[in-house]
Amino acid sequence: MSWYYSTLFVVILSLVIPLDAEAKKKIVVAMSNETQTLVEVKEAIDENSLVIQALDAINQKDFNNAKKIYGILYSKIGSKDYLNELLPLTMYLGKYDEAISLSQGWLKKNGDDNDIVRFLVNAYIGKKDYNKAKVELVKILATSKHSKDFDTAGNIALITHDYENARRWFITAYNLVPTEEGAEKVATVMYEYLTMKEEAIAF
């Protein structure tokens, strides 16, 4: 019920049944609350509809449309859940500057968030801006227990010819989650780029 009809209802009711000012105010507030509830229900239905459209677009591999829909959802709702869907699509489509802007906007508003920092790091890597990627990644390495973070740091160090740090980060990644691939990365850095051939063979 709109504000206009709520007010009209109160006017008509007051003609039929004498109401004091406080009673009229309570009726109008009740009608206003009803209107707000209806608006919230409609918004929830609209949100669910958009989510279904986005998922369908992804199933159809229409990633541009999926990104557009998640962009609308994120701008309307401001939820991290929608940002987590939006950022991978944005980077998949090669829009790294947009992904950087979205990530920085969230971090500026909400403070440190390792999940979003990881997206920011990947966006910088996508742009081949490895120095900025390293600066952001270092922020979470001190507390991270994720092997992937240290593996990423090792890859950045390797690309930028920082071989000692590449070895160090790859070893940390391997110690957290020992894998054959991780061991191979450590051995390759020691054998190919550092004078540690015996250590590489023994690793």
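In this predicted model, the side chains of Arg118 and Asp115 form a salt bridge with an N to O distance of 3.3 Å, where a salt bridge is a side-chain nitrogen of Lys or Arg within 4 Å of a carboxyl oxygen of Asp or Glu. Because Arg118 and Asp115 lie three residues apart in helix H6, about one helical turn separates them; helices are DSSP runs of H or I with at least four residues, numbered from the N terminus. Arg118 also meets Asp149 in a salt bridge, at 2.8 Å from N to O. That pair links distant parts of the chain, Asp149 being in helix H8 (residues 147-159) and Arg118 in helix H6, 31 residues apart. Lys80, Asp113, Asp115, Arg118 and Asp149 are linked in a network of salt bridges, and the count by this rule comes to ten salt bridges.

In helix H7, Glu136 forms a salt bridge with Lys139, their closest N and O atoms being 3.0 Å apart, and because the two are three residues apart they are separated by about one helical turn. The table gives the accessibility of several of these residues, where buried means under 20% relative accessible area, exposed over 50% and partly exposed in between, with a 1.4 Å probe and protein chains only.

| Residue | Relative accessible area | Class |
|---|---|---|
| Asp115 | 39% | partly exposed |
| Asp149 | 5% | buried |
| Glu136 | 12% | buried |
| Lys139 | 53% | exposed |

Residues are numbered from 1 along each chain as its sequence is written. Local features need pLDDT of at least 70 and side-chain atom pairs count only at pLDDT 80 or more, while totals for chains, interfaces and linings use all residues, and side-chain values use heavy atoms, with hydrogens and water left out.

Helix H3 (residues 63-77) has 15 residues and should span 21 Å, which agrees with the 20 Å between its end C-alpha atoms; the expected span is 1.5 Å times one less than the number of residues. Its buried residues are Phe63, Ala66, Lys67, Ile69, Tyr70, Leu73 and Tyr74. They cover an arc of only 165° around the axis and so lie on the same side of H3, the arc being that of the directions from the helix axis to the C-beta atoms. On the other side of H3, Lys68, Ser75 and Lys76 are exposed.

Just after H3, Gly78 takes a positive phi of about 75°. Lys61, a residue other than glycine, has a positive phi near 60° and is found in the loop between helix H2 (21-59) and H3.
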